[in-house]
Amino acid sequence: MNEPKTIYLSDYTPSDYTIPTCTLEFIIDNGSTRVDNVMEIHRQNSDAKELRLNGEMMDLELLWVDDVLYDETMYTLEEDAILIPLDADSARIRVITRLYPDENTALEGLYRSGGIWCTQNEPEGFRRITYFIDRSDVMTKFTTKIIANKKMCPVILSNGNLRGTATLENGKHLAIWEDPIPKPSYLFALVAGDLGSIHDTFTTVSGKKVELAIYCDKGNEAKCHHAMRSLKKSMEWDEVTFGREYDLEVYNIVAVDSFNMGAMENKGLNVFNSHYVLADERSATDGDFMGIESVIAHEYFHNWTGNRITCRSWFELTLKEGLTVFRDQCFSADMNSQLLQRIDDVKSLRERQFVEDAGPTAHPIKPVEYIEINNFYTATVYEKGAEVIRMLHTLLGADKFRLAMDAYFDRFDGQAVGTEEFLWAMQTQSPIDLTQFKRWYSQERTLTLKISSEYDENAQTLSLMIAQHIPKDTHGREQLPYAFPLAMGLLDAKGNDYPLKSANATIIHEGIIWIDEATTTLTFDEVVETPKLSLNRHFSAPVKIECGEIDYPFLMAHDTDGFNRYEASQLFGMETLEKMMQGEEIDPRFIQAYGVVIQDDSLEPMFKGELLALPSISTMMQRQEILDIEAIHGALETLKKRLAHEFKEELLSGIEALYNPHNSEIDALSMAYRALKNRYLGLLMVLEEESIAHVARNHYDESINMTNRLAALELLENYAPNQASEALEDFYHQHSHETLIMNKYFGLRASSRRKGTLERVKALQNDPAFDIKVPNLVRALYGSFARNMVAFHAVSGEGYRFIADKVIEIDALNPQIASGLAGAFKGYGKLSPLPKAKMGMELERIKNHPNLSNNVYEIVVKILEVD
C-alpha cells in the first residue's frame, strides 16, 4: 500500500480553474459505458499554467483541447488525474472515457445494481466517470444525453428537466436532460434500467406544477406510496416553515438495493437505498415507516441546504448535513410528536455520537484533516452538527432563526460556502456575540457539566455552581470553555416551576440561561423552599450532566418537561444497574417508580413505553472505564426479571388490552399501542415461562403487521429457542425471496444473545439470500453481529477474528462498507488486558494486510493509536 496522504483544511485554496458548463453523452451497453465529456474551462488564477482533472479507474480513449486532438506526449496521465498544460483564460476540452459498471463493486461513480445503472458521486465518485475538477466548490451547469437499448433501459434519467427524447436505430433511444442550476459534480446523477414507477404532482406556493415520480424494481410500485406522501408533505412543510419553494419542473426518486449510504440528494434525481423508500404494512415495521418519512424529507431539504448552497470543501460537510438533519428532525417533530422525536434524536446521539466522541476516532464537527473523506460521514458531523444548529435555534428563537436563515439563503444562493458564512447569517439576528460559540465547530469530545447547589432558607435563594469539565482532544491538547444555552427548572414540592429570577444569570428566554464561563455561580431569587433541580431540559445542549442532587423518582413523576421525565427514568436505571454490578440489591425506589409508570393510565402510550425502556448495554458501556459487558448484561437481565415478577399481572393485562393482531394502521395511536405492548411482552419473556412464550408465538402467528411479528420473533429467538426455530423457518419460507425483509431476518439472527450466534452467522453466509456485495445485507448480517455486544465480545476472541476477516474480505470489494464495519473495534481502548490483546492482534492483522484501502487504514490506525 502506498503511504496514505493526509489532507489538511489549512491547505485549502480555491480551484485554479472552473467549469461553467459541461455537456455529457453516455452510451450505455452491456459490459461498458462510453462517456463523451465537453467542458468549457475558465481560469481563475492568472498564474496557473497547468490544468489538473481528477480521474481514476477508467480508460482514457481520446482527448481534445480547443479541437486539437492530443496524443500521450502532450499531457501527463497519473493514477488519479490527468495533467494538461493550459496557459489560457478559457479553453474547450473534450475527453472520452470508457467505464465498466458491472465491475464496480465499490458502488462509487457509475455502477450496476441488478439490472439498473446508477451513480453515487458524493464525495468523489464523479472522477470515476470522467475527467473533471471533482471538488465541491466548482459549480457547473450540466446537460446530459443518455443513449441506451430501449428494451434493456426504457427509463433513462438524469438531473434537471427533460428537454428531449428520440428513438434511434438498432433498438436504442436517447433522452436529453438539462439542469439550469449550477452544481458541483458530486450532485450529478444518472439512472437507466427497466423500472416500475408511480407518479404524482405537487403545486408550489407560487402555482408551479411539479411532476413527481418514484422509480423502483417492477413489482414494488405499491410499496412506494408512503414515500410519495412523505415527499409531498416535505415540500409543503419547507414552503411554510422556511419559505423554500422547489425550483425544477420534475422531482424524481429512484430506489436501488445496492447503495452505500441511506440516500443521495442529487439535484432533481435522488437515488435512495430501497430500505428508505419501499414499505407496506406487511413488509415494514412502524420504525421503517417513520424512517422513510424522515429520510425522504432529509434529501428533499438538501435542495436548499446542500444543493443551492453547497459546501466549499469537504471539511465543511456539517454545513449541509448538520443543518439538514436539524431540519428533518423539526419536520418529523411537526408531523408526529415534538417530545417523542426529541427523545429519539437524543437516543441516537448518545448511542452513536457520544460513543464516537469518547473514542479514538473523535473529531470536531468541522474536521481539520482526513485521509479518506468517506470516513467523515459520521454521527459527529451529522447528529452533533444538528445539535449545534439547535442551540443556535434556541438562542435566537424560532422567528429570528427564520430571519437568519432567510439572510443565509438570500446572500449565498448559488455559492459554495463555509460555516463562517452560515454563522455570519446567524449573527445578524443573535443577541449574543457568537465568537466563543464557534468553538463547537472546532473542538471535539463531549462536554461534561459538574453542577451543585446551595439553598439559603433565610434569603430564599438558590446558588447553582456550574463547572465545565472539558476533555483534552485526541492529541492530548487542552480545549477551551464553550458557550451554550442551558434550559433548566426549579420545582417546588408539587412539581410547579419557580420563575427563574436572577441578577447575575443571562436569561435569554424563559427558563433558558446562557453559559459561557469555565466555572460560574448563579443565584436565583424568590425560591421559597429547597427546590428539585431539572437540568438541561429538552436536552438544550449536547452535554453530560454530573449532579448528585437529582431526585430521579420525583422528576419521573412530576417534571413538567417531558424529556427530563424520560431522562430521569434512564439515569435512575443506570444508577440502579451500576449498584447491582457492585453487588448491591436492586434499589426498591426504582421498582416503585417503575410501577407508578406502569399503573399511570393518563400517560400517552408511546411516551409511557419510553419511560419504561431500560438503559441499553451500549449506553451502560459508555459509563465504564474498563468494559465488562457480561456484568452489564447480567445485571440488565436480573433487573428485567425482577420487574416482570413484580408487575406480571399488570403487564399481562396491559398486553391483552393493547393487542390487536388485525390492526396494521400507521397512525400515532396504533403505533403507540404496538410499541407499549411489545415493551410489556419484552419484560415478561425474560421469565422464560412456557405460557408467556406461547403468547409471543401467537402474536407472531396472528398479527398482520411486521412490527408485531418481528418483535415476537426476536423475543422467541432470545428466550424461547425451541419455539423460535419453527417460527424462524416459517418466516424464512414466507420471505426468502424479498431482500428487504431478509435484511430483517439476517439482522435478527445476528443480534441474538444466545450461545452459538457466531456459528449461526457463519452458516448464514452461505444462504442463497445473502450476497456479500450488497451493502444492506452486509450491514444486516455482519454489522448486526458486530453491534451484538454479548456475542462480538465473547471471551474466546472469535468474534474479533471473524469481523476482522470480513473487514479484509469486504475491503477488496467495497472499502467504504469495510471501513464502517471496522468501526466495531473502536472500543479497543476500554477493554481489559486479555480481550484487548486479542482485539489488538486482529487490528494489527488488518493494518498489515497488503493492498489495504485508505478507508480502512485510517480507521484502524486511529484505533491502535490509543494503546
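This is a predicted model: local features need pLDDT of at least 70, side-chain atom pairs count only at pLDDT 80 or more; totals for chains, interfaces and linings use all residues.

1. Strand E18 pairs with strand E19 (residues 250–256) in parallel, through five bridges. Strands here, E, are DSSP runs of at least two residues, and helices are H or I runs of at least four, numbered from the N terminus; two strands count as paired if DSSP finds at least two bridges between them.

2. Residues are numbered from 1 along each chain as its sequence is written, and side-chain values use heavy atoms, with hydrogens and water left out.

3. E18 also pairs with strand E17 (residues 196–203), this time antiparallel and with eight bridges. Phe202 sits opposite Val210 in E18. Five residues separate the two strands of this hairpin, and Gly207 has a positive phi near 95 degrees.

4. How enclosed is E18 (residues 209–216)? Six of its eight residues are buried, so the strand is largely enclosed by the rest of the structure. Buried means under 20% relative accessible area, with a 1.4 Å probe and protein chains only.

5. Stepping back, the open sheet holds five strands in the order E17-E18-E19-E21-E20, with mixed pairing. Its edges are E17 and strand E20 (263–264), each of which pairs on one side only. E20 is joined to strand E21 (residues 269–273) by two antiparallel bridges, and Ala263 stands opposite Phe272 in E21.

6. For the whole protein, the count is 27 helices and 32 strands. With 867 residues, a compact globule would have a radius of gyration near 29 Å, and the 28 Å of the protein agrees with this; the radius is taken over C-alpha atoms, and the globule rule is 2.2 Å times the number of residues to the power 0.38. Along the principal axes, the C-alpha atoms fill a box of roughly 90 × 65 × 60 Å.

7. Buried residues make up 60% of the 867. Among contacts (heavy atoms within 4.5 Å) with a separation of 6 or more, 70% link residues 24 or more positions apart.

Notes. Buried means under 20% relative accessible area, exposed over 50%, partly exposed in between (1.4 Å probe, protein chains only).
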